[in-house]
Amino acid sequence: MTTQALATAEGLVNAPLIHKGKVRELYDLGEHLLIVVTDRISAFDYVLDPPVPGKGSVLNGLSAYWFEQTAAIQPNHVVHTEVALLGDIVTDPDKLAGRIMVSRKAKRIDIECVVRGYITGGGWRQYQGNGEVNGISLPEGLHKNSKLEQPIFTPAGKNDVGHDEDIPFEEMARRVGKELAEGLRARSLKLYEFGRDYCAKRGIILADCKFEFGLIDGEIILIDELFTPDSSRFWAEENYKLDVEIDSMDKEPVRAYLAGSAWDKNSPPPALPATVVEATTSRYREIARRLMEQK
């Protein structure tokens with residue numbers, strides 16, 4: 001059975017649209033926010049066509065699952081995920097089932113809280129340059145994909161347009177205050193360790209991940225998404241090697257297709273072939289199956 005992809009919820013929600021991100025749309029319900037996770041997919045800061053069927057449901061389902069699993073160690077923004085409770089706010093409940101999250105409103109802290117347990121990606125590129133990641137000195141002789149002795153916290157300043165900006169912890173403390181910065185670092189490391197240990201029992205390596213936090217009446221709240229393929233780098237244990245580009249369990253088919261195309265990354269990208277879309281849908285469903293132990 002083919003799942004119909006959802007490119008947008010506009011026209012399906014009787015509430016003001018207050019933000020349209022690359023994947024998520026936020027609607028104002030008054031006291032709460034309605035987050036709709038679409039099937040849009042992005043790469044290299046571009047939203048691609050066509051959307052990937054089922055992707056939004058996987059992202060929303062995983063986030064809801066992880067928010068529940070971690071609620072005892074870190075409060076989050078979730079109120080509920082039941083489209084039936086929205087009543088006539090939603091014009092076509094079937095199209096939005098499984099992809100909505102009603103959330104408490106928080107004042108977003110404009111910092112991406114990144115934790116790295118392995119040296120790869122942008123962290124590896126920094127290390128090659130000066131032996132540091134976000135100002136943190138690391139031992140000499142590490143290889144690409146080496147496991148770090150201890151996870152490191154490497155924040156980034158959020159930019160609504162373009163890439164986020166890697167910053168040292170001292171700069172984060174300057175921006176948000178030392179006490180809040182230390183609190184976010186401690187919470188991020190604790191969450192990463194929980195996710196890392198959970199994934200390890202399921203044959204998955206959580207190489208790195210990012211969190212977003214907000215404030216509600218002075219309380220630090222976990223917001224946005226949690227341990228999804230869009231916010232975390234998952235490796236299958238059986239694929240782990242040093243000094244190679246490990247095929248991550250996410251939208252790798254899309255990145256590989258674009259990298260092998262003639263696209264210049266400065267103009268609208270080409271449409272994704274059906275085979276790439278199908279392969280990407282399978283990736284998202286497989287990581288959800290393994291993480292949530294679904295049949």
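Where is the place of Ala 15? Select Ala 15 to find this residue in the segment before β1 (17-20); strands are DSSP runs of E of at least two residues, helices are runs of H or I of at least four, and both are numbered from the N terminus. The model on display is predicted, so local features need pLDDT of at least 70 and side-chain atom pairs count only at pLDDT 80 or more, while totals for chains, interfaces and linings use all residues. Residues are numbered from 1 along each chain as its sequence is written, and side-chain values use heavy atoms, with hydrogens and water left out.

**First stop: Ala 15**

With a relative accessible area of 18%, Ala 15 is buried (buried means under 20% relative accessible area, exposed over 50%, and partly exposed in between, with a 1.4 Å probe and protein chains only). Next, display Tyr 27, Asp 28 and Leu 29, with which Ala 15 is in contact when its neighbours within four places in sequence are left aside; contact means heavy atoms within 4.5 Å.

**Second stop: helices α1 and α5**

Select residues 55-70 for helix α1 and residues 178-200 for helix α5; their axes come within 11 Å and cross at roughly 110 degrees. Axes are lines fitted to C-alpha atoms, for helices over the stretch in contact, and angles run from 0 to 180 degrees between N-to-C directions. To view the contact, show Tyr 65, Trp 66, Gln 69 and Thr 70 of α1 together with Leu 191, Phe 194, Gly 195, Tyr 198 and Cys 199 of α5.

Keep Trp 66 and Tyr 198 selected: their ring centres are 4.7 Å apart and their planes stand at 65 degrees, so the pair is edge-to-face. Rings of Phe, Tyr and Trp (its six-membered ring) pair if their centres lie within 6.5 Å; planes under 30 degrees apart count as stacked, over 60 as edge-to-face and the rest as tilted. This pair joins distant parts of the chain, as Trp 66 in helix α1 and Tyr 198 in helix α5 are 132 residues apart. Trp 66 counts as buried at 0% relative accessibility, and Tyr 198 counts as buried at 9%.

Move on to Phe 211 and Phe 213, a tilted aromatic pair with 6.5 Å from centre to centre and 55 degrees between the planes. Both of these phenylalanines are buried. Finally, select Tyr 65, Trp 66, Phe 194, Tyr 198, Phe 211, Phe 213 and Phe 227, which form one aromatic cluster.
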